[in-house]
Amino acid sequence: MKRRSRFTSRVVLPIVLAAVLLYPFMFATVSSAQDQDIVKIVRFKDGTVVTGKILEMNIYTVKIQTADGSVVTQKFDDIVTIQNRDDLAKPQPILPVHSFEIGFEAFHKEYKEPDVMNEKGMMVGVGLAYTYHDKAMFKASLLLAYGEVDYENSGTLDGIPDRHVELRGLVGYDFAVDPTFVVTPYIGLGYRFLRNDSAGMITSTGARGYNRESNYFYTPVGIAVVKILPEGWTLSAEAEFDYLWYGKQHSDLSDANPLFPDISNDQDQGYGIRGAVRIEKKLSASSVFLEPFVRYWHVSQSDDAIFSAGGTLYRGYEPKNDTTEIGASVGLKF
């Protein structure tokens, strides 16, 4: 009995050990054989696409047998993507479902109150945005900008600090015209805050400046188009109309004259128009983009604020005005 037990141990134990060691290689061989039977779609850096079964692939080359039996050999380093043909039969999102971006922008701003005054200067800012695409589209964005503008009326005043904050939320729907072209109409809600700080400054004619704040709530309605190009490039554009439905102006007149009170005016009639074109290049883990843009606003005259100073009644109002912003943004998209 002892001899049979020793014999069994000597025979069975090596067999079990060998099976355990060889099992992964056997599985890999079967898996590799099955992989060779799957039709692949291989895209290369030069834009060519080869469909067929991969016969051999190593760190130097890849050999693909096409449906007509011919064998295509390419450098391994030239491969962009390898996909199963059956997987491509399933609906694939053209645009990334989730994306985040940060952009740095510079733009020339010109603000005009016809027959009253104008201000112009350069602004720089940073923009943040999150976008969701899965047929339905949602986008939230924030813009913070700062610059200095030069005032011109009967007198002049240079270097007035100017601040700009804009918060927007958009919803829309993606219409895929073809696998490389998407059209997205959208609507949303926007808030635009402007502050012009000339308190403590004096014009060339001796007039004193004062701080002004503008608060605008508006509804953006627009359309965006995206075209996917070869080699990781994307071209997109958007056009938008903004309907102003509520505005509030705050003017610290006491900065200019201590006898004057600070006043507020409702200014809720106006509209905006904006347009942009973006060129984007896909990198390994992100994309880089350049986006020239134009933004225009027309705001009608506000209502009147009647106030008394030194026994005299005054009528204070915000004149109708036009603002034009022309610039570009450059940034990263993740």
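Predicted model: local features only at pLDDT ≥ 70, side-chain atom pairs only at ≥ 80, totals over all residues.

Colleague: Is Asn 215 buried or exposed?

Modeller: Asn 215 counts as buried, because its relative accessibility is 11% and the cut-off for buried is under 20%.

Colleague: What does its side chain make a polar contact with?

Modeller: The partner is the side chain of Tyr 191, at 2.6 Å. Leaving aside residues up to four places away in sequence, Asn 215 also touches others, including Arg 192, Phe 193 and His 250.

Colleague: Turning to the rings, how many aromatic pairs are there?

Modeller: The structure holds 13. In one of them, the ring centres of Phe 107 and Phe 293 lie 6.2 Å apart with the planes at 65°, so this pair is edge-to-face. Phe 107 belongs to strand S6 and Phe 293 to strand S16, 186 residues apart. Both residues are buried.

Colleague: And why does the pair of Tyr 216 and Trp 297 count as stacked?

Modeller: Their planes are at 15°, and planes under 30 degrees apart count as stacked. The centres of these rings are 6.4 Å apart. Tyr 216 is in strand S12 and Trp 297 in strand S16, so the pair ties together parts 81 residues apart in sequence.

Colleague: Which residues do ring pairs link into a cluster?

Modeller: Tyr 191, Phe 217, Trp 245 and Tyr 246.

Colleague: Last topic: what volume has the second largest pocket?

Modeller: Its volume is about 740 Å³. The lining has 32 residues, divided into 14 nonpolar, 12 polar and six charged.

Conventions: Residues numbered from 1 in each chain as written. Heavy atoms only, no water. 1 Å grid on protein atoms, 1.4 Å probe; cavity = no way out; pocket = protein on both sides within 12 Å on 5 of 7 lines; lining within 4 Å. Points joined across faces, edges and corners; volume = space filled by probe spheres on them. Nonpolar A, V, L, I, M, F, W, Y, C, P; charged D, E, K, R; others polar. Buried < 20%, exposed > 50% of the residue type's maximum accessible area, 1.4 Å probe, protein only. Polar contact = N/O pair within 3.5 Å; in protein donor to acceptor, adjacent residues only side chain to side chain. Contact = heavy atoms within 4.5 Å. Phe/Tyr/Trp six-rings, centres within 6.5 Å; stacked < 30°, edge-to-face > 60°. Helix = DSSP H or I, 4+ residues; strand = E, 2+ residues; numbered from the N terminus.
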